[in-house]
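Q: I would like a close look at a single part of this model. Please keep the answer brisk.

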Amino acid sequence: MLIENIKLAFNAMRGSKMRTALSLLGIVIGVASVVAILTIGDSASKSITESIAIGGLDMVSIYPSSGQRNTGIFDEAFGDMLRNDIEGIQAVLPQNSSTARVRNGKESINASVAGVLSTYASTLNLEFGEGEFFSSMDNINRRQVIVLGSAIAEELFPDQVVVGQYVSLFRSQAKSYLVVGVLESKDPSISLSYNNSVFIPYNTYSQRFIRTNGVGSYVVKIAEDYDTIEVSDAITEYLDNIVGTDGYSIFSPASLAEMAEQITGTFSSFLALIAAISLLVGGIGIMNIMLVSVAERTKEIGIRKALGASPNVIRGQFLVEALTLTLLGGILGIVLGSLLSYAVTNMLDWSLHLSYTSFILAMGFSMFVGIFFGWYPAMKASRLDPIEALNYE
Amino acid sequence: MAESVIRLEDVSRYYMMGDFIVKALDGVSIDISRGEFTAIMGPSGSGKSTMMNLIGCLDTPTNGYIDIDGENTAGLNEAELAYIRNRKVGFVFQQFNLLGKLTALDNVITPLLYAGVPTRERKQMAVHALERVGLADRMDHRPNELSGGQKQRVAIARALVNNPTILLADEPTGALDTRTGGQIMELFEELNSEGRTVVLVTHDRDLGMRCHRQIHIRDGKVEA
């Protein structure tokens, strides 16, 4: 019976293609916008997360406030203290940074200069296009060696072997540094653009640039199997006790990613809700076409009743017809919505994450619309008086 | 006395027309036995269509009782009446009333659908019924590809397919030319000779006289 009803539904649709197409449009647009909004929202939040994750989701950065610089708390030993007192920290890398002009002959460029330990590169899994990172000996001896970001190297030494060359770094005076490595080009993270940075040994930086033993910031690497956000919360609590909430700021890509996900999630849910309203409007279109269909087919209903169709059977026939319409609209909407999402994400250079939840949601909702708005016309059909219906011309 | 398949006992059917009551049928009692070939005759407005609707369970009486194949139909709901229409009554209409979008075969299959007959048997039974009325070669045609006589044969096949107790025909030759009408009438006579109870509703005297029994209706009452 169901199969026959579905066949009848397609028969009826074929009979009035234009009308069917127009009334389907509402459902198609509604479903397509729900699917597109949820999918694009998903893709947006995944793309944001991905770009945050480049900096390393297992990283937390701590920035002492300027007032804390000379209190003696945030020195090199602080990192060891933190690692001992809080569980789940693999390494704490002290870091000082500022901007400076880097020059090779006539070429010069502004760069972020960071003084870091020799373990910095291995801890952060930095990859090298040329050469390697400086050694701990370079640090201890405060050697004037430097590692260049890929964009800096490209700017100062276009198409040349860079390792072994010298660059000048300006602060109060120019000093010459030996290039020992060039980083592989890397997408910029939220916190740091590696390509436009140069790295020198921590002690060299301290001597040449600031001459204090204060530390500008710390990069904390979270140990494997520990949740970044939990550890970062523990650090927050720890630091609040020592220096108070104003004494530092903390930056964790993981919590940022979580926040971004929450924001895009809320935003796209809200938009999807609005789109769902258009589905409702589409449902009214379905109700309209079903009422027309019932009126047009009064005679058919009379004949079917004479042949022994009970009210339930007639109601079933028209409900199935409404459902078939909305499900067809749902499928077309999902296809259209996916294509739209593909086009948009492609244009914005995001990776496409089809939201299967939205497929199920859209199908479920269009079925609901079919039953809800098909019910009244179907009831109307089932209640027709057989004699009046038979004599209807 | 043969078994009664249609029994109307003091049946009335009143309609409200504005402030007036129209007595379409007024205290009618008839009894039709199995295997009879009966004509219900009368001029238009006499109440014969009302009687057909009541016998066919398309309508329910204002007063009185109707038994179809020994079953009292009083107090049955719509679904139960639909069941009787499906199993016990085969309708043939003046205007054929075929479903225009379906093929002849699918038209004949429709009552079997409502009877819950399994798919395979449905087709067999419908093909058989179409063969019976001589339309084996027109099964895949739609009504608009058939002549009037052929349409009426499809309608008769559809009425017969569920093996109903009663074949109820309302002016079955009214839309046909004399020759085709004659052929359709012959088909009814054949079906009756095979033992089928046939009730023919007509205003046509000649047609009525070809039936074995005539019930005349005038102004909602049976004439003696």
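At what angle do helix H5 (residues 148–160) of chain B and helix H6 (residues 178–193) of chain B pack, and how far apart are their axes?

A: This is a predicted model. Two packed helices are described by the angle between their axes and the distance between the axes. For H5 and H6 of chain B, the angle is about 20° and the axes lie 10 Å apart. Angles under 35 degrees count as roughly parallel, so H5(B) is roughly parallel to H6(B). Their crossing is right-handed.

Now the residues. H5(B) contributes B:Gly149, B:Gln152, B:Arg153, B:Ile156 and B:Leu160 to the contact. From H6(B) come B:Thr180, B:Gln183, B:Ile184, B:Leu187, B:Phe188 and B:Leu191. By class, the residues of this contact split into 6 nonpolar, 4 polar and 1 charged.

Elsewhere in chain B there is a sheet. It is open, and its 4 strands run in the order E2-E1-E4-E5 with antiparallel pairing. Strand E2 (20–33) and strand E5 (71–72) of chain B are the edge strands, each pairing on one side only. Within the sheet, E1 (residues 4–17) and E4 (residues 63–68) of chain B pair over 5 bridges, in the antiparallel sense. B:Arg7 stands opposite B:Asp67 in E4(B).

Key
Residues numbered from 1 in each chain as written. Chains lettered and ligands numbered in written order. Predicted model: local features only at pLDDT ≥ 70, side-chain atom pairs only at ≥ 80, totals over all residues. Heavy atoms only, no water. Pairing = 2+ DSSP bridges. Helix = DSSP H or I, 4+ residues; strand = E, 2+ residues; numbered from the N terminus. Axes fitted to C-alpha atoms, helices over the stretch in contact; angles between N-to-C directions. Parallel < 35°, antiparallel > 145°, perpendicular 65-115°, else oblique. Left-handed = near helix turned anticlockwise from the far one by under 90°. Contact = heavy atoms within 4.5 Å. Nonpolar A, V, L, I, M, F, W, Y, C, P; charged D, E, K, R; others polar.
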